[in-house]
Amino acid sequence: MPRNTTIGLLAHVDAGKTTFAEQLLYHTEAIRSRGRVDHKDTFLDTHDIEKARGITVFADQAEFSIGDSRYFLLDTPGHVDFSPEMERALQILDYAVVIVSAVEGVEGHTETVWQLLRRHDIPTFFFINKTDRTGADPQRVLAEIRQQLSRDAVMLPDLEAAGAGEELQAFMAERDEQLFEAYLDGSLSDSAWQEELLTMVKQNKIFPCMAGSALLDIGMDSFLRNLEALTSTGYDHRLPFAGRVYKIRHDERGTRITYIKALQGVLKAREELTNGRAGEVITERITRIHKIYGAKTAPADWGAAGELFAVTGLTAAMPGEGVGALQDHLSSELMPTLKAKVNFAPPVHLKEVLHAFQQLGAEDPSLNVSWDEALQELHIHVMGQIQLEILEQILRERFNIPVSFGDPEILYLETINNTVYGCGHFEPLGHYAEVILKLEPGERGSGISVYNQCHPDDLSVGYQHQIVQVLQDNGHHGLLTGSPLTDLRITLLNGRAHNKHTSGGDFREAAFRALRQGLEQAENILLEPVYGLKIRINTDYVGKVMADIQQASGSFTAPEITEQTAIITGTVPVATFMNYSVRLASLTQGKGSLSLRVAGYQNCHQADSVIAHKQYDKNADPAYSSISIFCAKGQAYSVPWDEAERHMHVKLQR
């Protein structure tokens with residue numbers, strides 16, 4: 001079978017990534033003619049939205065071959081608003097190619113991409129593009145890559161034409177003791193040096209750089225030869241099938257299409273496939289398999305290890321989840337920091353809008369679509385304004401639903417700062433459930449994790465699973481502003497059921513009340529999203545910019561100052577720095593550069609004012625109650641949270 005390799009193209013917007021993809025496909029005879037972004041005829045940016053805006057919004061794929069090697073190519077979005085789509089593609093890459101403009105150099109999103117590639121440990125090539133443009137300086141950009149991204153980046157010659165020359169050998173020898181000895185005594189042949197280079201690239205010890213112009217077809221043949229020489233994979237089709245879901249789409253009839261990267265084995269049409277979520281194993285039958293070529297598809301009988309393909313028949317698997325022999329889930333690093341209200345009016349019906357957003361939410365889980373029953377409002381989470389504009393267009397063109405969005409608001413989160421115990425009891429007439437939980441602060445960025453220390457002698461395993469499932473579901477929110485809960489460790493300690501009266505939803509009610517009752521006792525904290533920032537400016541502006549950062553409640557380290565340039569790195573709240581690029585451009589006459597990346601959450605710098613503005617009434621939230629319900633002499637009665645522990649049938653053992 002051919003060697004299968006998945007390559008991802010990543011870049012800051014407008015670095016020439018899609019033009020580069022066109023050249024790869026043309027040179028390998030995968031397409032007959034090269035499209036151009038400005039001509040709106042590229043092979044991969046096929047959506048009308050992408051053609052109109054000239055940017056990649058969706059991670060589309062193609063396939064090309066070099067000899068016996070087959071490459072699956074993913075062209076990922078370069079705009080920061082579509083970073084979650086890009087990150088989902090990263091989870092299945094064997095190698096990445098980062099495109100950097102020879103004029104603009106390393107930009108804000110380039111650094112975000114680089115950090116994600118390092119977290120996922122993906123071997124990476126650089127292509128310094130647009131060398132034909134005025135102001136292009138590949139050597140300056142190589143120096144930026146080494147300074148800002150990795151000192152292990154090296155400009156690579158055409159290995160087929162020049163081999164691993166003296167300079168490259170010395171660079172490799174500096175990074176490997178055994179190679180250093182071989183370099184000194186000259187004991188390795190040129191082919192052996194190339195084998196060692198392949199290994200070092202795969203182990204992320206070296207990051208090869210090449211330069212050229214995709215638009216003018218300069219350097220493309222050399223890039224392809226080096227790509228073939230320095231990539232290797234070892235997928236095994238003889239093992240039981242295992243794959244990872246990396247994308248969900250729906251066709252014009254609403255049929256769900258699941259995109260899978262096969263990591264081992266072979267999957268055939270009509271076979272059953274399992275995926276596990278929260279301890280539950282779901283088995284579904286594959287009805288069809290399709291191979292994907294840009295906007296076109298072709299039916300197939302099977303998909304083998306190392307291949308990308310799409311299937312129908314799966315309704316439960318989500319992006320990032322393993323299927324078959326792989327039962328895990330890769331979480332996303334890039335999460336939205338804004339939320340927006342969805343506005344619509346008659347004759348558009350709520351059911352239509354919810355149906356559309358259910359599909360969109362399956363395709364992009366980061367949207368986190370939610371219906372606020374109390375406010376009768378639909379909310380989504382987004383990365384930025386451009387994403388809202390794209391969503392508005394998608395809803396109009398794909399679903400024929402006119403909507404608008406409210407102004408994006410900061411997405412706050414809540415957590416706790418101490419360990420507490422929560423008690424919940426639900427016993428209206430004919431029902432019975434009791435739950436005791438332990439709540440502890442989790443590490444920042446850890447989300448909600450649920451553990452079970454309940455003994456089967458105290459509560460049957462089936463009921464324990466019900467409670468754990470309820471607690472693992474998304475949507476729990478805090479007491480301060482009603483914002484989502486995060487960074488929380490929940491442990492099920494004990495519970496009690498009734499042989500006759502306990503029914504399906506009783507433990508859901510008791511678990512919610514136990515969680516809420518625990519929060520009532522806790523020291524609750526409001527969290528806000530923050531940016532990690534890097535500002536590159538002339539030294540004349542250092543004082544003003546540092547004053548701006550301090551005024552915006554940010555922090556920074558001592559600036560790195562050269563003769564004319566200063567680099568300031570730090571952390572700032574999203575709420576105060578969202579639009580700083582406009583001020584920086586004005587301050588520096590457009591010569592300063594700003595890099596912002598979402599760097600997680602920190603304690604809110606203006607918690608009191610945010611809480612006051614939200615006006616959230618914890619006692620009026622219909623979805624959660626800290627009040628337990630008990631029953632005596634056939635009559636149910638309420639017990640407030642601060643008295644619940646005293647009434648519990650199972651005594652809390654701290």
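Analyst: Start with D487, which counts as buried because its relative accessibility is 2%, under the 20% cut-off. Keep in mind that this is a predicted model. D487 sits in a loop, with helix 13 (461–472) on one side and strand 27 (488–496) on the other. Its backbone stands out. The phi of D487 is positive, about 50 degrees, yet D487 is not a glycine. Most residues other than glycine have a negative phi.

Now compare another aspartate. D217 also has a positive phi, about 60 degrees, and is not a glycine either. It is found in the loop between strand 7 (207–211) and helix 10 (220–229).

P346 and P347 are joined by a cis peptide bond, with omega at about 10 degrees. Most peptide bonds are trans. P347 belongs to the loop that lies between strand 18 (338–343) and helix 11 (350–363).

Next, go to helix 14 (residues 506–521), where F507 has its place. F507 counts as buried because its relative accessibility is 0%. Who surrounds it? Leaving out residues up to four places away in sequence, F507 touches A433, E434, V435, L459, Y463, Q466, I467, R496, A497 and T502. For a sense of distance, take Q148. From F507 to Q148 is 359 residues in sequence and 52 Å in space, C-alpha to C-alpha.

What about the nonpolar cores? The largest has 44 residues. Those with the most contacts inside it are F357, I380, F405, I537 and V545. Beyond its neighbours within four places in sequence, V545 is in contact with I535, I537, I568, Y580, L584 and L587. Another core lies apart from this one, with 39 residues, including I7, Y71, F127 and A214.

Helix 3 (residues 83–90) is a covered piece. How many of its residues are buried? The count is 8 of 8. They are S83, P84, E85, M86, E87, R88, A89 and L90. These buried residues pack against strand 1 (3–11), strand 3 (69–75), helix 4 (108–119), strand 8 (242–250) and helix 11. Step past the helix and you reach Q91, in the loop between helix 3 and strand 4 (95–101). Q91 is buried too, because its relative accessible area is 14%. Beyond four places in sequence, Q91 touches H120, R244, G320, L330 and S331.

Now a pair of helices. Helix 7 (residues 166–173) packs with helix 8 (residues 177–185) at an angle of about 145 degrees, and their axes are 8 Å apart. From helix 7, E166, Q169, A170, M172 and A173 take part; from helix 8, L179, F180 and Y183 do. By type, these residues are 6 nonpolar, 1 polar and 1 charged.

E560 is in strand 30 (residues 560–561). It is partly exposed, because its relative accessible area is 48%. Leaving aside neighbours within four places in sequence, E560 is in contact with T565, A566 and I567.

Then the cysteines. How many disulfides does a search of the whole structure find? It finds 0. C423 is in none, and the nearest cysteine sulfur, that of C454, is 13 Å away. C423 is buried, because its relative accessible area is 1%. C209 counts as buried as well, because its relative accessibility is 0%.

The chain averages a pLDDT of 88, and 94% of the residues score at least 70. Take care with residues 49–57. There pLDDT stays under 50, although the model has 34 contacts for this stretch beyond four places in sequence. Where pLDDT is low, the predicted coordinates should not be read in detail.

How values were computed. Residues numbered from 1 in each chain as written. Predicted model: local features only at pLDDT ≥ 70, side-chain atom pairs only at ≥ 80, totals over all residues. Heavy atoms only, no water. Axes fitted to C-alpha atoms, helices over the stretch in contact; angles between N-to-C directions. Helix = DSSP H or I, 4+ residues; strand = E, 2+ residues; numbered from the N terminus. Contact = heavy atoms within 4.5 Å. Nonpolar A, V, L, I, M, F, W, Y, C, P; charged D, E, K, R; others polar. Core = buried A, V, L, I, M, F, W, Y, C linked by side-chain atoms within 4.5 Å. Buried < 20%, exposed > 50% of the residue type's maximum accessible area, 1.4 Å probe, protein only. Disulfide = S-S within 2.5 Å. pLDDT = per-residue confidence, 0-100.
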